[in-house]
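Here's a quick tour for someone meeting this structure for the first time. Have a look at the sequence and the model, and then we'll walk through them together.

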Amino acid sequence: MEINVAEAATNRSYEDFEPYCKWLTQEGQTILEIHLRGFKKEQLKVETDNWGTLKIYGERPANATNNKSCRFQKEIKISIGSDTNTIRAKFSHGLLFIAMPKEAVRELFIYGAETRKRTNAIKVAIAVVFVVALGTYIARRVYNDENIKLIS
């Protein structure tokens, strides 16, 4: 008796389940721990998309005697501040660990000689603007005073 592969695939039934998940926070990263007893590494898929979503899939046979499979699917929004290019997954002893390192906070100002030079340049620029504004104000006052004397 021959079994048609396409027919066998259509007769497959699925048991969807929600795996136990735990969030851990360590220095500089967030780790998602997912309990997946009975799964093999080849039966799992972890990916990110361009919209900041982490997608986790898994499917395995429920038992060898029938066409029933266990499967799950999770979609998680990656938190702001996580570096999506360095997300890593590791599967060991029925546990899937997904590490999401946080981006390094960049310092906006570096205090020292360079900052002092910039600060001095800004002070000079503000002084120049002030002097020009003051000169314009005085010139307008003098011009208006002269026009008032000429009319009288």
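## The overall layout

Going along the sequence, the protein chain reads α-β-β-β-β-β-β-β-β-α. That comes to 2 helices and 8 strands. Keep in mind that this is a predicted model.

How much of the chain is tucked away? Of the 152 residues in the protein chain, 20% are buried. The accessible surface of the chain is about 12400 Å², and carbon and sulfur atoms account for 56% of that. As for contacts, take the ones between residues at least 6 apart in sequence: 45% of these link residues at least 24 apart.

Now for a sheet. Strands of a sheet pair through backbone hydrogen bonds, and they can do so parallel or antiparallel. Here, 4 strands make an open sheet in the order β1-β6-β5-β4, and the pairing is mixed. The edges are taken by β1 (13–16) and β4 (44–48); each has a single partner strand, so one of its sides has no neighbour in the sheet. On average, neighbouring strands of this sheet are turned by 20° against each other, if you ignore direction.

Let's zoom in on one pair. β4 and β5 run antiparallel and are joined by 5 bridges. Within it, V46 sits opposite I56 in β5.

## A closer look at T53

Strand β5 covers residues 53–61, and T53 belongs to it. Is T53 buried or exposed? T53 counts as buried because its relative accessibility is 13%, and the cut-off for buried is under 20%. Which residues does T53 touch, once its neighbours within four places in sequence are set aside? The contacts are E47, T48, E75, I76 and I78.

Strand β7 spans residues 88–92 and β8 spans residues 95–101; the two run antiparallel, with 5 bridges between them.

| Strand pair | Direction | Bridges |
|---|---|---|
| β4 and β5 | antiparallel | 5 bridges |
| β7 and β8 | antiparallel | 5 bridges |

Definitions and conventions
Residues numbered from 1 in each chain as written. Predicted model: local features only at pLDDT ≥ 70, side-chain atom pairs only at ≥ 80, totals over all residues. Heavy atoms only, no water. Buried < 20%, exposed > 50% of the residue type's maximum accessible area, 1.4 Å probe, protein only. Contact = heavy atoms within 4.5 Å. Pairing = 2+ DSSP bridges. Areas by Shrake-Rupley, 256 points an atom, 1.4 Å probe, with all protein chains shown as cover. Axes fitted to C-alpha atoms, helices over the stretch in contact; angles between N-to-C directions.
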